[in-house]
Amino acid sequence: MNKNNTSYLRQHEDILSFRDLAVGTVNTYVSYLSQFIDWTESFLGSKPLPDISWEELRSYIRYLKDVRYLNLRTINVHIAQLRDFYQYVLHRDWDRYQVPYLHYDQLLPRVPDKQQINAVIDSLENLKQIYAP
């Protein structure tokens with residue numbers, strides 16, 4: 001990782017910790033930015049991070065989706081991290097129309113039917129178990 005990119009990584013971590021985010025969020029965002037920097041150095045050469053185009057950012061998202069086969073929710077965390085990095089460190093406006101969050105289907109929780117609920121209740125030896133605090 002070149003010196004400028006290491007500096008960007010430190011600045012991003014500093015801003016994230018200043019924003020009082022959870023330690024896990026900070027660690028995830030720093031890790032994801034490091035992965036992004038590695039990708040840019042591998043695929044875009046020595047191009048400075050502030051000069052990366054929207055198309056190149058979308059190429060990175062495609063890479064996460066089509067090459068690394070990441071879950072769409074995970075990719076959305078990558079996008080959120082990039083948005084934070086561009087806004088807070090590079091002071092560059094983020095265009096959500098250029099790099100939108102990915103759509104994924106939200107599955108509703110499965111609700112047991114009446115027979116299944118009765119089977120659970122009938123399996124209890126002591127009905128006090130249902131009402132115990």
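The model is predicted, so local features need pLDDT of at least 70 and side-chain atom pairs count only at pLDDT 80 or more, while totals for chains, interfaces and linings use all residues. Residues are numbered from 1 along each chain as its sequence is written, and side-chain values use heavy atoms, with hydrogens and water left out.

**Packing of H1 and H2**

- Helix H1 spans residues 3–18 and helix H2 residues 23–43; helices are DSSP runs (H or I, at least four residues) numbered from the N terminus.
- Their axes lie 10 Å apart at an angle of about 160°, where axes are lines fitted to C-alpha atoms over the stretch in contact and angles run from 0 to 180 degrees between N-to-C directions.
- H1 is therefore roughly antiparallel to H2 (an angle over 145 degrees).
- The crossing of H1 with H2 is right-handed, that is, the near helix is turned clockwise from the far one by less than a right angle.
- On the H1 side, Asn 5, Tyr 8, Leu 9, His 12, Glu 13, Leu 16 and Ser 17 meet Val 26, Tyr 29, Val 30, Leu 33, Ser 34, Ile 37 and Glu 41 of H2; contact means heavy atoms within 4.5 Å.
- By class, this contact of H1 with H2 comprises eight nonpolar, four polar and two charged residues.

**Packing of H3 and H4**

- The axes of H3 and H4 come within 10 Å and cross at roughly 155°.
- These two helices, H3 and H4, are therefore roughly antiparallel to each other, and H3 passes H4 in a right-handed crossing.
- Leu 57, Tyr 60, Ile 61, Leu 64 and Lys 65 of H3 meet Leu 72, Ile 75, His 78, Ile 79, Leu 82 and Tyr 86 of H4.
- The contact of H3 with H4 divides into nine nonpolar residues, one polar and one charged.

**Nonpolar core**

- The largest nonpolar core has 27 residues, of which Phe 36, Leu 57, Ile 61, Leu 82, Phe 85, Tyr 86 and Trp 94 touch the most other members.
- H1, H2, H3 (54–67) and H4 (72–89) are the elements that give two or more residues to this core.
- Beyond its neighbours within four places in sequence, Phe 36 contacts Leu 49, Ile 52, Leu 57, Tyr 60, Leu 82 and Tyr 86.

**Individual residues**

- Thr 40 lies in H2 and is buried, with a relative accessible area of 2% (buried means under 20%, with a 1.4 Å probe and protein chains only).
- Not counting residues up to four places away in sequence, Thr 40 touches Gly 45, Leu 49 and Ile 52.
- Asn 71 is in the loop between H3 and H4, and its C-alpha atom is separated by 9.4 Å from that of Tyr 104, 33 residues apart along the chain.

Terms used
Parallel < 35°, antiparallel > 145°, perpendicular 65-115°, else oblique. Nonpolar A, V, L, I, M, F, W, Y, C, P; charged D, E, K, R; others polar. Core = buried A, V, L, I, M, F, W, Y, C linked by side-chain atoms within 4.5 Å. Buried < 20%, exposed > 50% of the residue type's maximum accessible area, 1.4 Å probe, protein only.
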